[in-house]
Amino acid sequence: MKTSPFIGWAFILPAAVLLAVYLLYPTVLTIRMSLDTGQGFRLSEFIGLRNFVNLFTKDRFFFDVSRWPPRGALFNTALWVALFTLGTVGIGLLVAVLANTVRYEVLIKTIIFMPMAISFTAAGIIWRFVYSPDPKIGVLNALLMAFVPGADPVPWLGRTSLVNYAVIFAGVWIWTGFAMVVLSAAIKGLPKDVLEAASIDGASGWDTFWRVMMPMIWPTVVVVGTTMIINVLKAFDLVYVMTQGGPRGASRIIGYTMYVETFTNGRAGYGSAVAVIMLILIIPFLIMNLRRFRAEGRSL
Amino acid sequence: MKRSLKTLSLLLLGALLLFAMGPASGQGVRLVSLFVTFGGSELNALRQGLDAFTSATGIEVIVEQSREIIPILRTRVAGGNPPDVALVPRPGVVAEYARLGAIFPLVNADGSDGIMSAETLHANYSQGLIDVGVVDGVVYGLMAKANSKSTVWYKPASLAALGFSVPSTWDELIAITNAYRAAGKTPWSIGGQDGWTLTDWFENIYVRVAGPENYLRLFVTHEIEWTDPSVVEAMNLFRQIIRPEENLAGGAEGSLSRGFIDAANLVFRPDAGAELYYEGGFIGGIVSANFPDLRPGEDFTAFLFPAIRPEYGRPVVGGGDLLVAYRDTPEVREFFNFVAGTEFATIWAATGAIVSPNRNVDPSVYTVLAALDAGQVANAEAFVFDGSDLAPSALGGDAMFTGLQDFVSNPDQLTEILQFLEDVADANY
């Protein structure tokens with residue numbers, strides 16, 4: 001029986017309408033807004049690419065290449081992408097592989113997964129206490145004072161050279177559990193006979209991991225990695241709670257800049273320009289993830 | 001199953017209908033919704049005044065509170081759902097809304113009544129304090145509470161032991177700073193993690209170097225540029241406080257990683273880490289709450305920020321909250337007239353939480369600490385509003401905070417810092 005082609009369209013119509021209203025329209029409006037001053041959250045004065053030009057030439061909180069190393073939200077986000085992704089995927093993988101062989105696997109994994117159960121705001125506040133420069137409050141400085149006699153407390157969040165690493169570490173603490181669980185599931189799903197064959201053929205643990213296990217779980221690693229990268233590119237909450245982008249704007253990331261410019265400073269056009277840059281940065285990773293999904297779909 | 005689904009959907013439909021009819025069915029209840037930034041004991045103090053309003057007029061006040069008032073108001077105004085009235089802490093934001101047409105004139109440019117009675121306003125407020133809420137000749141904001149930000153907090157016993165009395169000039173202040181350092185004590189505590197504590201420092205110095213008129217030209221109209229010699233001079237005076245770094249508890253880095261409350265505690269706790277602390281009048285309440293054993297006015301108190309140039313004397317830099325009207329309803333009109341009156345101001349002031357800019361409030365209602373603050377506001381040779389709140393938010397928030405934090409950690413970069421501020425100002429006026 002031949003069905004009308006309209007039936008197919010009718011089926012996707014509801015989804016298409018929802019996507020158009022809730023995704024397409026805001027995206028187009030944001031792009032248009034980024035070419036405007038956006039006074040009062042309305043399109044008020046078309047100014048072409050001026051927001052973008054200002055972002056890259058006048059806004060040293062966003063993009064500052066006048067000093068080495070370069071600074072600004074864009075570079076901080078790059079640092080987040082590198083360290084946060086390596087940290088969560090790396091540590092997650094390490095724990096997933098090592099815990100796979102010990103008796104207390106459940107206990108270890110539960111502890112590492114636990115932070116995922118806390119809201120990011122709460123986690124941010126917890127870490128603000130941990131990093132407090134007052135050793136009576138901050139456990140990190142209390143430990144430092146206890147083990148290194150005569151040491152001065154370190155203002156982890158108050159020093160521009162440390163603050164990004166401190167916040168990224170808190171982020172890794174939260175998200176490692178997620179990476180670990182997904183990777184661990186992939187490892188558990190590996191066919192036993194292949195691993196047994198490897199050990200019968202005399203492969204060392206190291207070789208088994210790199211030459212047998214890794215190639216087989218690589219697709220999962222890539223998916224977890226890109227998910228983490230997308231996570232980082234749109235990150236906001238930890239910086240907002242822990243540092244408000246400070247000290248001296250040193251811990252700003254693009255998500256935070258977007259918020260501050262749009263809502264605190266009331267420059268919706270400028271904030272939208274940041275959002276558009278964020279969108280452009282995320283697109284390649286979205287495409288990567290989509291390709292991966294499609295490839296898996298075909299192999300099924 | 002099917003039956004219960006039907007009942008459920010009927011219930012839902014009913015609820016929706018009720019919701020849609022809400023305002024109409026609520027006829028007879030007169031309401032004003034108010035949005036404020038402060039909470040806790042400050043909000044409870046305000047409620048005492050609001051209760052008096054409700055019993056006088058029968059109008060209920062619904063209070064919403066958030067420290068993030070500016071972002072929330074922006075989204076609600078844009079979404080067409082603003083509160084009736086709001087207490088906005090930044091005159092710069094009031095000007096922004098006035099020019100967007102989002103708020104209503106309280107008193108028109110020709111002096112006729114807008115939302116409120118011009119007569120009530122002029123009877124209770126001095127022109128200097130009315131001017132804070134004026135945008136392009138029209139009164140848009142009513143200054144409902146005020147506080148001095150020209151108070152330098154100190155411990156009388158410690159100053160006497162050093163052999164000094166309260167300084168009235170900048171040179172004396174620097175002499176005290178040096179004497180403390182020579183005596184092996186740390187003179188100053190700064191809470192520079194909160195960038196606004198540094199802008200407050202700068203404003204007090206600047207208004208004393210350049211005078212109130214130039215102060216407004218720098219912050220409000222940007223007729224004076226940030227690279228102007230007067231700004232350089234003010235910054236170099238501030239440098240005498242922050243350098244050598246031994247002047248500051250924890251040096252520059254320690255000063256920038258400490259919030260304003262911790263910085264106050266550092267001076268007044270038993271094993272004190274510094275002797276002097278500059279921040280606004282509200283510090284008195286914080287210190288009394290944190291150290292109940294200290295006697296206000298005796299163990300700790302404040303002096304007026306000393307004069308720099310004799311011709312400009314000692315103007316008071318102050319902060320405050322401006323009441324603005326997002327809607328024009330009879331209830332809102334009654335609310336403004338009540339808030340501007342002396343009864344409301346006296347009740348609120350008597351709680352000790354605020355200093356009222358209303359000149360008809362009897363000074364005897366204040367506590368020792370509030371009287372100190374109120375005295376500075378009422379007796380001010382000149383009153384200028386906190387400059388970083390007058391400037392457009394991008395400059396007065398962010399940029400000034402980070403620029404001055406940069407200055408504390410690296411004062412040799414003054415030229416670059418001022419150029420940066422000028423660039424931001426250039427893009428925002």
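Guide: Let's start with chain A, where 42% of the 300 residues are buried. Buried means under 20% relative accessible area, while over 50% is exposed and anything in between is partly exposed, using a 1.4 Å probe and protein chains only. Keep in mind that this is a predicted model, in which local features need pLDDT of at least 70 and side-chain atom pairs count only at pLDDT 80 or more, whereas totals for chains, interfaces and linings use all residues. Residues are numbered from 1 along each chain as its sequence is written, chains are lettered from A and ligands numbered from 1 in the order in which they are written, and side-chain values use heavy atoms, leaving out hydrogens and water.

Chain A has 12 helices and 0 strands. Here helices are DSSP runs of H or I with at least four residues, strands are runs of E with at least two, and both are numbered from the N terminus. The C-alpha trace of chain A spans about 85 × 70 × 35 Å along its principal axes. Among its contacts with a separation of 6 or more, 63% join residues 24 or more positions apart; a contact means heavy atoms within 4.5 Å.

Now for the close look at a pair of helices. Two packed helices are described by the angle between their axes and by the distance between those axes. In chain A, helix α7 (residues 163-188) packs against helix α9 (residues 205-233) at about 155°, and their axes are 10 Å apart. The axes are lines fitted to C-alpha atoms, for helices over the stretch in contact, and the angles run from 0 to 180 degrees between N-to-C directions. α7(A) and α9(A) are therefore roughly antiparallel. That word is for angles over 145 degrees, with under 35 counting as roughly parallel, 65 to 115 as roughly perpendicular and the rest as oblique. The crossing of α7(A) and α9(A) is right-handed. Right-handed means that the near helix is turned clockwise from the far one by less than a right angle, and left-handed that it is turned anticlockwise.

Which residues of α7(A) and α9(A) make the contact? From α7(A) come A:W175, A:F178, A:A179, A:V182, A:L183, A:A186 and A:I187, and from α9(A) come A:M213, A:I217, A:T220, A:V221, A:V224, A:M228 and A:N231. By class, the contact of α7(A) with α9(A) has 12 nonpolar, 2 polar and no charged residues. Ala, Val, Leu, Ile, Met, Phe, Trp, Tyr, Cys and Pro count as nonpolar, Asp, Glu, Lys and Arg as charged, and the others, Gly among them, as polar.

Staying in chain A, look at helix α11 (residues 254-264): 8 of its 11 residues are buried, so the rest of the structure largely encloses it. The buried ones are A:I254, A:G255, A:Y256, A:T257, A:Y259, A:V260, A:E261 and A:T262. After α11(A) comes A:G266, with a positive phi near 70°.

On the α2(B) side are B:E42, B:A45, B:L46, B:Q48, B:G49, B:L50 and B:A52, which meet B:E343, B:F344, B:I347 and B:W348 of α15(B). This contact of α2(B) with α15(B) holds 7 nonpolar, 2 polar and 2 charged residues.

Helix α4 (residues 91-100) of chain B is mostly covered, with 8 of its 10 residues buried. Just after α4(B), B:G101 takes a positive phi of about 75°.

B:S66 sits in the loop between β2 (60-65) and α3 (69-78) of chain B, and it counts as buried because its relative accessibility is 15%. B:S66 and B:T37 lie 29 residues apart in sequence, yet their C-alpha atoms are 5.1 Å apart in space. A polar atom of the B:S66 side chain lies 3.0 Å from the backbone nitrogen of B:E68. B:S150 is in the loop between β6 (142-148) and β7 (151-154) of chain B, and counts as buried at 0% relative accessibility. The B:S150 side chain reaches the backbone nitrogen of B:V317 at 2.9 Å.

Note on methods:
A polar contact is a pair of N or O atoms within 3.5 Å; within protein, one must be able to donate a hydrogen and the other to accept it, and residues adjacent in sequence count only if both atoms are side-chain atoms.
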